[in-house]
Amino acid sequence: MAASKSAPSGPWPEGRAAAEEVYRREAGRVLATLIRLLGDFDLAEEARQEAFAAALEQWPKTGIPENPRAWLVNVGRNKAVDHIRRQATFRDKLPELKATLESSEEETSDDAAFGDDRLRLIFTCCHPALSMEAQVALTLRVICNLSTEAVARAFLLAEDTMAQRLTRAKRKIHDAGIPYETPEPPLLDERIEGVLAVLYLVFTEGYAATSGAELISRELCREAIRLARLLDLLLPERAPIKGLLALMLLHDARREARVTQAGDVVLLEDQDRDLWDRASITEGLALVDEALRMPGRVNAYAVQAAIAALHVQAANPEATDWRQIVGLYEVLLRLQPTPVVQLNHAAAVSMVDGPAKALQLVDSLAARGEFREYHLLHAARGRLLQQLGRREEARLAYQAALAGTRLAPERRLLTRRLQELDRKD
């Protein structure tokens, strides 16, 4: 076990605060390594909790170890061995576990090993054998270290329901023999796409919630960006990772300007650009440039980030380069022809060729039938009809959008749009 830093004689009150700070910084890394060593999610989580409890008791007296992360892993695995020894059903696993733990004694102080463990854990939680919903929930709970209560809030579920869902996901990892490993190079690019999709789902749910009283969940946005930074650190020189990180940073930079103090939506053209986070914009723009310059196929995240870059680089709405944005959306449509991309393309077209041309695109999308219940389609259609002076049709479109949204700020925005129509009657 690593030696401790020198500590003053007698109790050291600052030790508790130091232990709590270490927990915030190292909890994910410690858990990732304990899962690898113990081969069991629940046992590893319990061992981590016991290790941090020991730290809270000992560090105020002895000082912080030179390598607190390794200290916590060592204490946690010893606690796990004691736990297994006490349970008859696990005793047959004890010799094999002790041999594994002894062989890994040296690597617990190796930063590279810890990095590998975090990467293994990300790929395990985002394994394609799990449903996308389970992947997102496990990522939030295990990798982001959010409480089960916080994860349940993100899904608008009761805490006990989410706890059962997480238990089933962990059991499937065990029963299906999902390997705790980073995929070999031939599969890595394919699997990284799934991981990035999970992170973007976490971010988008935080950035533009699908239901509830608030538009933005800062906690989800922060955790998604943190994990993207981690992936960029552990898997450098991969354009999709840099593109996604850039996209999230550029969107998140506008966070403070996107809602009023009352929680109402502020559209991009009405936002106070002085409230935008310039440090995040600078970092995001550099990452966009890196992602677009890398060799290989252009990826959808980098194209979306390039669009976001054009928006944040404009000094005011009138200075926005809408023609270039339309061109980028046409590239994106070939890579990712989703309803959201098609609607955003139509919105950009309206700024270049007018609302009539954009309405043709939206009506073409609506005619396909499968998106008829998509509330954002009705909202976009209502806006275009309003701009064309077709008020009664706009009213019907806004009412259809209002019926389809569960997010309170969006409902208030649509209600204001309907009131605008009423004032012109």
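Predicted model: local features only at pLDDT ≥ 70, side-chain atom pairs only at ≥ 80, totals over all residues.
The largest nonpolar core holds 102 residues. Within that core, L72, L121 and L231 touch the most other members. Leaving aside residues up to four places away in sequence, L231 touches L119, I122, I192, V195, L196, L199 and I241. A second core of 19 residues is separate, and L343, L359, L385 and L418 are included in it.

Aromatic rings form 3 pairs in the structure. In one of them, the ring centres of Y23 and F52 are 4.5 Å apart. Their planes stand at 85°, so this pair is edge-to-face. Y23 belongs to helix α1 (residues 14-38) and F52 to helix α2 (residues 41-62). The pair therefore ties together parts that are 29 residues apart in sequence. The two partners differ in cover. F52 is buried, at a relative accessible area of 6%, whereas Y23 is partly exposed, at 25%.

Another of the pairs joins Y200 and Y301, with ring centres 5.8 Å apart. Here the planes lie at 85°, so the geometry is edge-to-face. Helix α9 (residues 185-207) carries Y200, and helix α13 (residues 300-313) carries Y301. This contact therefore ties together parts 101 residues apart in sequence. Y301 is buried, with a relative accessible area of 9%. Y200 reaches 19%; it counts as buried because the cut-off is under 20%.

Side chains of opposite charge can pair when their charged atoms come close. The model contains 23 salt bridges. R120 and D117 form one of them, with their closest N and O atoms 2.6 Å apart. Both residues lie in helix α5 (residues 111-125). They are 3 residues apart, about one turn of the helix. D117 is buried, with a relative accessible area of 1%. R120 is partly exposed, at 22%.

R255 has salt bridges to D252 and to E256. The N to O distance is 2.7 Å for D252 and R255. For E256 and R255, the closest N and O atoms are 3.4 Å apart. D252 is buried, at a relative accessible area of 10%, while E256 is partly exposed, at 41%. Elsewhere, shared partners link E21, R25, E26, R29 and R69 into one salt-bridge network.

On the surface, L292, V298 and L335 form a nonpolar patch. Together they have about 230 Å² of accessible area. L292 sits in helix α12 (residues 278-293). This leucine, L292, is partly exposed, with a relative accessible area of 45%.

Technical notes. Residues numbered from 1 in each chain as written. Heavy atoms only, no water. Patch = residues over 30% accessible without salt bridge, like charges linked within 9 Å, V, L, I, M, F, W, Y side chains within 5 Å. Areas by Shrake-Rupley, 256 points an atom, 1.4 Å probe, with all protein chains shown as cover. Salt bridge = Lys/Arg side-chain N within 4 Å of Asp/Glu carboxyl O. Helix = DSSP H or I, 4+ residues; strand = E, 2+ residues; numbered from the N terminus. Buried < 20%, exposed > 50% of the residue type's maximum accessible area, 1.4 Å probe, protein only. Core = buried A, V, L, I, M, F, W, Y, C linked by side-chain atoms within 4.5 Å. Contact = heavy atoms within 4.5 Å. Phe/Tyr/Trp six-rings, centres within 6.5 Å; stacked < 30°, edge-to-face > 60°.
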